[in-house]
Amino acid sequence: MDFINQVINGLSTGSMYALVAIGYTIVYGIGKMINFAHGEIIMASAYFAYVGMSFLHLPALVAVILSIILTALLGVLTEKVAYKPLRGKGSLEVLITAIGVSYLLQNVFYMIFTSSGRTFPQIMPKGAINIGGLSITYITIITLIVSFVATGILLFFINKTRLGKAMRAVSEDQGAAQLMGINVSTTISLAFAIGSGLGALAGVIYGAKFSIINPYIGQMLGIKAFIAAVLGGIGSIPGAMVGGLLMGVAESLTIAYISSDFSDAVVFGILILVLLIKPAGIFGSNVREKV
Amino acid sequence: MLLTVKDLNVHYGVIHAIKNINLEVEEGQIVALIGANGAGKTSTLHAISSLLTSKTGEIIFDGQDISKMPAHKIVATHLVQVPEGRRIFAQLSVEDNLEMGAFLRNDNKIDEDMQHVYELFPRLAERRKQLAGTLSGGEQQMLAMGRALMNKPKLLLLDEPSMGLSPILVNEIFDIIKTINKEEGVTVLLVEQNATKALSIADKAYVLETGKITVSGNAKEVASNPRVKEAYLG
């Protein structure tokens, strides 16, 4: 029973990683770049929600929606200011810029809120439900539901709507997409908005789960989610989802049965194994195009 | 004139790929642009569609100067290119590819036009739910053309539609180009290495050699030009 409990906890944490991993994967798929500042965008989202609730005294739901909107705008702004001027340049320039953006955001939030942790308001009911020996906290359940619903909506958008299909077209061939009349710049902005908006959900979940936020929470969360995206196959949304869930479960089982000191080692061990055995990731094998 | 290209020049770094090209496409016609590999045929089309921006000269389409317009806006003027190598969206279904062709449209005739494309290319209808990447080369060419037709183009730029296809399929594709032109009234600018075939359906032709137009005129004249015969019609 304890094992199943640990797996469920892992799935819950993993679904939070998945929300962040989708941001990496969608931006990579469309813009062909890794946004290494993604973790900091999520840190910002937690602060947006925190300010909304603790200073503006908004109802939790309003604060969360506001945070999603502001975070999406922050993502788009980052793209326009930092990455767009580098389009067509090498990936090294983009990488260095992304690291710069990441430190910039950390320091801006450090200046405003200092490095001391802020208490994130309790927005989810405490306690747990017990079913036949299983004890599942409400946070765990809500996290799972929110993540799956959000991912479901995203998959519907990407696969069934014209704009979503246009995003997939851009991710495959920007030139051919332009020949359909698709504006590639707008599509890249949209990818940043969606990735950041989903990240905001993860930021709020993080705050609710750990109760304390500081300007550095984005670092580890960002790196772990990035590894999840690589594990699933970067560029693939189902891959990011599965990668995130696997990471969460691996981490949770390591904490439960080996040691919590060891959990980060397992996470990075997974990255090394993926790169050695299947660098393209689980869903990374594309349909080959016949010529 | 539906399309007028005046003094077009294209540079790739120090290479002067297109040298002062002038060409005109009259409404309702099929105009062929023939030439050897590397003569600058694709560069010319890319310059017209703005896939290539390092160009000078004037490009007037349907009374509008489109030389400074970004590629996606040119498509909105109903000047549509079917690029070399087809460049269909391999990970999208056949139907979704066609839907992308209609990306800029908001009218309620889209489904009707899709049915029409399926009538024109019955083989696509059989495979509408299949991923486009699993189609054969000929089917992909048909999809690329069908996708472009979904825009309701006034002018279709076709870049090497016969490339890599069997002789039977080449005939089929050229028949369809004729149909699109004669029955749908779509003007066509056709780039081809297969000069014999291109000249057989064209009204007018231009011969491009190392970035310059060396011969031009009505297709029959061009086909009987001794230089063209020797170099391209063998």
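I took helices (H or I, at least four residues) and strands (E, at least two) as DSSP runs, numbered from the N terminus. The model is predicted: local features need pLDDT of at least 70, side-chain atom pairs count only at pLDDT 80 or more, and totals for chains, interfaces and linings use all residues. Residues are numbered from 1 along each chain as its sequence is written, and chains are lettered from A and ligands numbered from 1 in the order in which they are written.

**Chain A.** I counted eleven helices and four strands in chain A. The radius of gyration of chain A (over C-alpha atoms) is 19 Å, close to the 19 Å of the globule rule (2.2 Å times the number of residues to the power 0.38) for 291 residues, so chain A is as compact as a globular protein of that length. I found its C-alpha atoms in a box of roughly 55 × 45 × 35 Å along the principal axes.

**Contact of the chains.** I counted residues as in contact if their C-beta atoms, placed from the backbone, lie within 7 Å. Chain B gives 25 residues to the contact and chain A gives 20 residues. On the side of chain B that touches chain A, the elements giving two or more residues are α2 (71-76), β6 (79-82) and α3 (94-101) of chain B.

**Residue B:L156.** I set aside neighbours within four places in sequence and found B:L156 in contact with B:V80, B:V82, B:A148, B:I180, B:V186 and B:V188.

**Residues 3-233 of chain B.** I noted that over this stretch the chain is 39% helix and 28% strand, with the end C-alpha atoms 27 Å apart.

Note on methods: Two residues are in contact if their C-beta atoms, placed from the backbone, lie within 7 Å.
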